[in-house]
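Student: Could you walk me through this one before I set anything up? I'd like to go through it piece by piece.

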Amino acid sequence: MSDVVKPVLQVNGLTKVFDRRLACQDISFTLHRGEVLGIVGESGSGKSTLLKCLAGLMPPDAGNITLSLPDREECDLWRLEEAERERLLPTILAIIHQNARDGLRLDVSAGGNISEPLMTNGHRHYGTLRSVAMEWLKNVEIDPARVDDLPQTFSGGMQQRLQIARGLVTHPQLVLMDEPTGGLDVSVQAKLLDLLRRLVREFNLAVVIVTHDLGVARLLSDRLMVMQSGRVIETGLSDRVLEDPRQPYTQLLVSSVLQV
Ligand SMILES: Nc1ncnc2c1ncn2[C@@H]1O[C@H](COP(=O)(O)OP(=O)(O)OP(=O)(O)O)[C@@H](O)[C@H]1O
């Protein structure tokens, strides 16, 4: 048996076309546990489309998305039967949306929001669910005494932290984040970034994060992928890409941030 640890996620030649417009073109990368891949690029470069294909929300027109999971055979996400894909994804994948409200049930208490994914995965014992929910509230720096409160009584930053708790409570293999700090005040963003860095380390998460913000990309990502017009034009360790960008578009992106 080989000792080489397989990547959690392997993407090969992923292509998505809308009305002859190439949203994603021949995208390939791998992602291991404990690794954060940042995806940056201008508006319309294909970042969200890529994330949707990875999340099982939209089928690519070509290419493969291969998942290597403990306790099961390697599988190609889009070659699974639809029912199997829908059963598997909630057990292995979490999506953190830019708008926390897209990832929360607003009519359900904070504790209920955290317990729900566990219940979907078969957990039923009320006492255990409640204590896990309170543990996770602590984990994301929300007072566990707020367990019965509704999300709309929380601040924007707290709602985002609650969404993260709901996403991570099932210990997903893969976490997809779409602008997780977007729309928050700078000080709230900084606190959230610290929290995300801690959780990535603590749970050895494999994360793909889409962001417009190169500061967020630098703080969270080990590697960066720069997209333009549906293609990956540059990829490498985050520090290298940001300190020594090789493509003119990446140079422009980096210099425009430095000028701000
Ligand atoms: N459902 C759709 N139908 C038709 N075209 C689409 C659809 N979704 C995306 N596109 C097109 O695909 C291209 C990539 O869009 P995408 O949303 O992936 O870009 P993005 O990099 O995420 O942009 P932003 O940063 O503004 O969110 C764009 O040209 C967009 O118009």
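This is a predicted model: local features need pLDDT of at least 70, side-chain atom pairs count only at pLDDT 80 or more; totals for chains, interfaces and linings use all residues.

Student: OK, and which way do S6 and S7 run, in the parallel or the antiparallel sense?

Tutor: S6 pairs with S7, which spans residues 174-178, in the parallel sense, and four bridges hold that pairing.

Student: What is the order of strands in the sheet they belong to?

Tutor: The order is S6-S7-S8-S3-S9-S10, which makes an open sheet of six strands with mixed pairing. The edges are taken by S6 (93-96) and S10 (231-237), and each of these has a single partner strand, so one side of each is left without a neighbour in the sheet. From one strand to the next, the twist averages 15 degrees.

Student: How many bridges join S1 to S4?

Tutor: Five bridges join S1, residues 9-18, to S4, residues 62-67, and the two strands run antiparallel. Among the facing residues, Val-11 stands opposite Ile-65 in S4, while Leu-9 has Leu-67 of S4 as its bridge partner.

Student: What does Leu-67 stand opposite in S5?

Tutor: Leu-67 stands opposite Cys-75 there, and S4 is joined to S5, residues 75-76, by two bridges in an antiparallel arrangement.

Student: Switching to helices: at what angle do H6 and H7 pack?

Tutor: H6 (residues 156-168) and H7 (residues 186-203) pack at an angle of about 15 degrees, and their axes are 10 Å apart. Because of that angle, H6 counts as roughly parallel to H7, and the crossing of the two is right-handed.

Student: And how do H4 and H6 cross?

Tutor: The axis of H4, which covers residues 110-120, comes within 7 Å of the axis of H6, and the two cross at roughly 25 degrees. H4 is therefore roughly parallel to H6, and H4 passes H6 in a right-handed crossing.

Student: Now the ligand. Which residues are around it?

Tutor: The residues around the ligand are Phe-18, Arg-21 and Ala-23, then Gly-41, and then Ser-43, Gly-44, Ser-45, Gly-46, Lys-47, Ser-48 and Thr-49.

Student: How does that shell divide into nonpolar, polar and charged?

Tutor: Two residues of the shell are nonpolar, seven are polar and two are charged.

Student: Which element supplies the largest share of the shell?

Tutor: H1 does, with three residues. Both S2 (21-31) and H1 (47-54) supply at least two residues of the shell around the ligand.

Key
Residues are numbered from 1 along each chain as its sequence is written. A residue is near a molecule or strand if its C-beta atom, placed from the backbone, lies within 6 Å of it. Ala, Val, Leu, Ile, Met, Phe, Trp, Tyr, Cys and Pro count as nonpolar, Asp, Glu, Lys and Arg as charged, and the others, Gly among them, as polar. Two strands pair if DSSP finds at least two bridges between them. Axes are lines fitted to C-alpha atoms, for helices over the stretch in contact, and angles run from 0 to 180 degrees between N-to-C directions. Angles under 35 degrees count as roughly parallel, over 145 as roughly antiparallel, 65 to 115 as roughly perpendicular and the rest as oblique. A crossing is left-handed if the near helix is turned anticlockwise from the far one by less than a right angle, and right-handed if clockwise.
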